[in-house]
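Please open the structure in your viewer and keep the selection panel at hand.

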Amino acid sequence: AKRSAWRNAVLGAVAAVVVCLAWNPYLLFSYKDFAWETQVYAPAVFSAELHHLPDMALTAAAGMGPVLALLALAGALAALLRPGRRLLAAVFWGVGAALWLRFSSFAGGSGFLRLYYFPVALGCLFAVDLLAGAPRVLRLALLLAVLADTGPRGVVYLENMRLDSGARSARVRAADWI
């Protein structure tokens, strides 16, 4: 059982890293900029500012969508109670806590959520794991709720990125004007 727990933890962590890198290739292709940004946003000392927790929860709900954020949190909490998932849940909560301690004094909006991609990816895997044993109708209803919540958000993000690229983008026009 111990060997299985370690195997599950390693496989889950690898899956989370793959998901994290697949959705944020910026970490691989421009790590220097990512590292610079984290240094700029990081306070000089570690902090544990509890008054930012509600802001961080709202930021997660805005960035991921409230349905997916709640499912990820529920899955991460449920993983603490499952013997084969406890170690990976400890990784999730440990990484999340370390990031919170380092960046809790910065309320940077949903763009700041990218610092939490690894625990977010693990949380999504925990949500899938949680739903695996649920009745089919409940799984389908929750999947539709997640898609209804995240689908339009994703379309808007992609459209905004498309509008911000190319010769006619506001960014390029502003640079030409300046």
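For the helix pairs on this tour, axes are lines fitted to C-alpha atoms, for helices over the stretch in contact, and angles run from 0 to 180 degrees between N-to-C directions. The model is predicted, so local features need pLDDT of at least 70 and side-chain atom pairs count only at pLDDT 80 or more, whereas totals for chains, interfaces and linings use all residues. Residues are numbered from 1 along each chain as its sequence is written, and side-chain values use heavy atoms, with hydrogens and water left out.

**Stop 1: the whole chain**

Display the protein as a cartoon. The protein has nine helices and zero strands, in the order α-α-α-α-α-α-α-α-α along the sequence. Helices (H or I, at least four residues) and strands (E, at least two) are DSSP runs, numbered from the N terminus.

Next, show the surface. The protein exposes about 11400 Å², of which carbon and sulfur atoms supply 72%; these areas come from the Shrake-Rupley method with a 1.4 Å probe, and for residues only the protein chains shown count as cover. Of the 178 residues, 30% count as buried. Buried means under 20% relative accessible area, exposed over 50%, and partly exposed in between (1.4 Å probe, protein chains only).

Contact means heavy atoms within 4.5 Å. Among contacts between residues at least 6 apart in sequence, 75% join residues at least 24 apart.

**Stop 2: the nonpolar cores**

Select A9, A16, A76, A79, L88, A89, F92, A121, L122 and F126, the ten residues of the largest nonpolar core. Helices α1 (2-23), α5 (66-81), α6 (86-103) and α7 each give two or more residues to this core. Another core, of nine residues, lies apart from it and includes M64, L71, A72 and L131. A nonpolar core is a set of buried Ala, Val, Leu, Ile, Met, Phe, Trp, Tyr and Cys residues joined through side-chain atoms within 4.5 Å.

Which residues does A89 touch, leaving aside its neighbours within four places in sequence? The contacts of A89 are A76, A79, L80 and F126.

**Stop 3**

Select residues 117-132. This is helix α7, whose 16 residues reach 22 Å from first C-alpha to last, close to the 22 Å expected at 1.5 Å a residue. The expected span is 1.5 Å times one less than the number of residues. Buried in α7 are P119, A121, L122, G123, F126, A127, D129 and L131.

The axes of α5 and α7 are 7 Å apart and the helices pack at an angle of about 75°. That makes α5 roughly perpendicular to α7. Angles under 35 degrees count as roughly parallel, over 145 as roughly antiparallel, 65 to 115 as roughly perpendicular and the rest as oblique. On the α5 side, L68, L71, A72, A74, G75, A76, A78 and A79 meet G123, C124, F126, A127, L130 and L131 of α7.

**Stop 3**

Centre the view on D149. D149 counts as buried because its relative accessibility is 17%. Leaving aside neighbours within four places in sequence, D149 is in contact with G65, P66, V67 and L68.

**Stop 4: helix α4**

Select residues 53-64. Helix α4 has twelve residues and reaches 16 Å from its first C-alpha to its last, close to the 16 Å expected at 1.5 Å a residue. T59, A60, A61 and M64 are buried in α4, and what covers the buried residues of α4 includes α5, α7 and α8. G65, with a positive phi near 100°, follows α4.

G154 counts as partly exposed, at 25% relative accessibility.
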